[in-house]
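Here is a short tour of one protein model, written to be read with the structure open beside you. Let's start with its pockets and then move on to its cores and one of its strands.

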Amino acid sequence: MKILNVDQIRALDDATIRHEPIAPINLMERAALAFVDWFIDRFPDTTTTKIFCGLGNNGGDGMAIARLLLERDYPVEVNVVRYAPRESDDCMHNHRRLKLVTENIRYIEFSRDIPTIRHNEVIIDAILGTGLSRPTEGIVKEVILAINRTQATVVSVDIASGLYTDQANSPTDVIIEPDYTVTFQLPKLAFMLPKNGRYVGEWHTVDIRLYKRSIDLAPTPYYYTQPQEARLLLHKRERYSNKGTFGHALLLVGSHGKMGAAVLAARACLRSGVGLLTVQVPRCGYSILQMAVPEAMCLPDGHQNVLTGSSEIEGPSPSDYSTVGIGPGIGKAPETLSMLKALLPKLKKPIVIDADALNLLSENRELLNQLPKNSILTPHPKEFERLTKKWDDDYQKLDILREFSKKYNVVVVLKGAYSAVATPSGDVHFNSTGNPGLSTGGTGDVLTGVLTALLAQGYDPVEAAVLGVFAHGLAGDKVAEQRGQIGMIASDVIDALRWN
């Protein structure tokens, strides 16, 4: 699913109006109907609903929503926030239609006009929409502050009032803090960014049948991965396949005291379809891995406690494997750094780099130029900051992410809510699965195993990253359904991995 900017969304509305054709006021009615269908599925018709409308098209949406809810016998009170001398044409039209069905309309010009809001009421925020160009002020700011002080459930129409769609807000901006945002047709870039979490809540898209060809043709670097799109990436297995068909991966993982990371990465790799797996660990972890992951072949390192790349057992060169995954639990010992320096120039196929391998890269940045083309890096935000530089806001962070991926010709999975997969072409794919329960030690090691398995099977690195992040998050969602988010551990995520 594409994520478009404000200008593209306006153009999409115009294209729909021209090609369907449909009058603008009827397109607004369609949007209001889609919102109301979502609303009545979640809130009973006994719910007292206060709708706050502005004077632009977002306010027009709110007035149409009010009329449609009144027609369905919802107890609705409409509050029009008068922050400008006149309404937009479509807002004015819906205002007139609303007056035909109710007299329960309050006009807010001063603080004293703001109604009392009770905790058991639902607030619909339709004050300001995507056309916002400056911070909220005056009576709009006072209304937003009053809404935010309440315990009422708040639902924003299309986007929270006061939140910019495509640029960063100032820390002092006053913005609605909704429980839900119901947006039209496509998600907004603002929804994907951590600093905006409190201004988005749980968001949902509703289909208002905008002109599909215009969506297909609209250029954008930003995408949102949905289940049907992820499923299309999954390779079908042929009946006459064998273990050699699905690659032979090498994991370089673990150190003294951190063998759990090695076990988690290895188990996840096997659960993600790799044909053969070799795991190189320090000698202290040999027995642990052999017992915990009997399906993997274990290659003991020449060092007792850390990885050096040497081994007492002769095996293939790292470059002979289908792919290599490196990082979980390896630490930053000088011997391990020497291994990484010797390893990277020998590798020509994409690899997966995580955890302490990323930290070694950030401390030895000359190694970034030796990364195999299209390798997958999986930093969390702090690791990514160490690889690059500090950013002022989440939009600048996205710019840095895209620039880094293009400069070093790598795929970067920036982990977090809506994990962002940045590609060498400059695209960013935001993930739709996962939950806060994944914020626990070891889940990153699991992701490394998943991605290594997909690369070994011959997946394109971008598709491997998008699919792997999706499947990893989906497994976390399944665990959350069974155990709840608080009790989730990384091993649960491995057991919940499904590939169908």
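This is a predicted model: local features need pLDDT of at least 70, side-chain atom pairs count only at pLDDT 80 or more; totals for chains, interfaces and linings use all residues.

How many residues line the second largest pocket, and which of them lie nearest its centre?

## The second largest pocket

The lining of the second largest pocket is made up of 26 residues, and Gly-416, Ala-417, Asn-435, Leu-438 and Ser-439 are the ones nearest its centre. Helix α14 provides the largest share, with four residues.

The volume of this second largest pocket is about 700 Å³. By residue type, its lining splits into 16 polar, eight nonpolar and two charged residues.

## The largest pocket

Now for the largest pocket, which has a volume of about 1000 Å³. Its lining counts 42 residues, with Asn-57, Asn-58, Gly-129, Thr-130 and Gly-131 nearest the centre. The elements giving two or more residues to this lining are α1 (6–19), α2 (24–42), α3 (57–71) and α5 (138–148). Of the lining, the largest share comes from α1, with seven residues.

What is the make-up of the lining of the largest pocket in nonpolar, polar and charged residues? There are 21 nonpolar residues, 11 polar ones and 10 charged ones.

In soluble globular proteins, nonpolar side chains tend to be buried together. In this model, the largest nonpolar core holds 115 residues, and Leu-361 and Phe-430 have the most contacts inside it. Helix α2 gives the largest share of this core, eight residues.

If you click on Leu-361 and set aside its neighbours within four places in sequence, you will find it in contact with Leu-340, Leu-344, Ile-353, Leu-367, Leu-368, Leu-371 and Leu-387. There is also a second, separate core of 32 residues; among its members are Leu-264, Val-450, Val-466 and Ala-496.

Is strand β1 mostly covered or mostly uncovered? Strand β1, residues 49–53, is mostly covered, with five of its five residues buried. In a regular strand, side chains alternate between the two faces of the sheet. Here Thr-49, Ile-51 and Cys-53 point one way from β1, while Lys-50 and Phe-52 point the other way, and all are buried.

Strand β1 is joined by five bridges to strand β2 (residues 76–81), and the two run parallel. To find the pairing on screen, look for Thr-49, which stands opposite Val-76 in β2.

How values were computed. Residues are numbered from 1 along each chain as its sequence is written. Side-chain values use heavy atoms; hydrogens and water are left out. On a 1 Å grid over the protein atoms alone, a cavity is a set of points where a 1.4 Å probe fits but cannot get out, and a pocket is an open set with protein on both sides within 12 Å along at least five of seven lines; lining residues have an atom within 4 Å of a point. Grid points are joined across faces, edges and corners, and a volume is the space filled by probe spheres set on the points. Ala, Val, Leu, Ile, Met, Phe, Trp, Tyr, Cys and Pro count as nonpolar, Asp, Glu, Lys and Arg as charged, and the others, Gly among them, as polar. A nonpolar core is a set of buried Ala, Val, Leu, Ile, Met, Phe, Trp, Tyr and Cys residues joined through side-chain atoms within 4.5 Å. Buried means under 20% relative accessible area, exposed over 50%, partly exposed in between (1.4 Å probe, protein chains only). Contact means heavy atoms within 4.5 Å. Two strands pair if DSSP finds at least two bridges between them.
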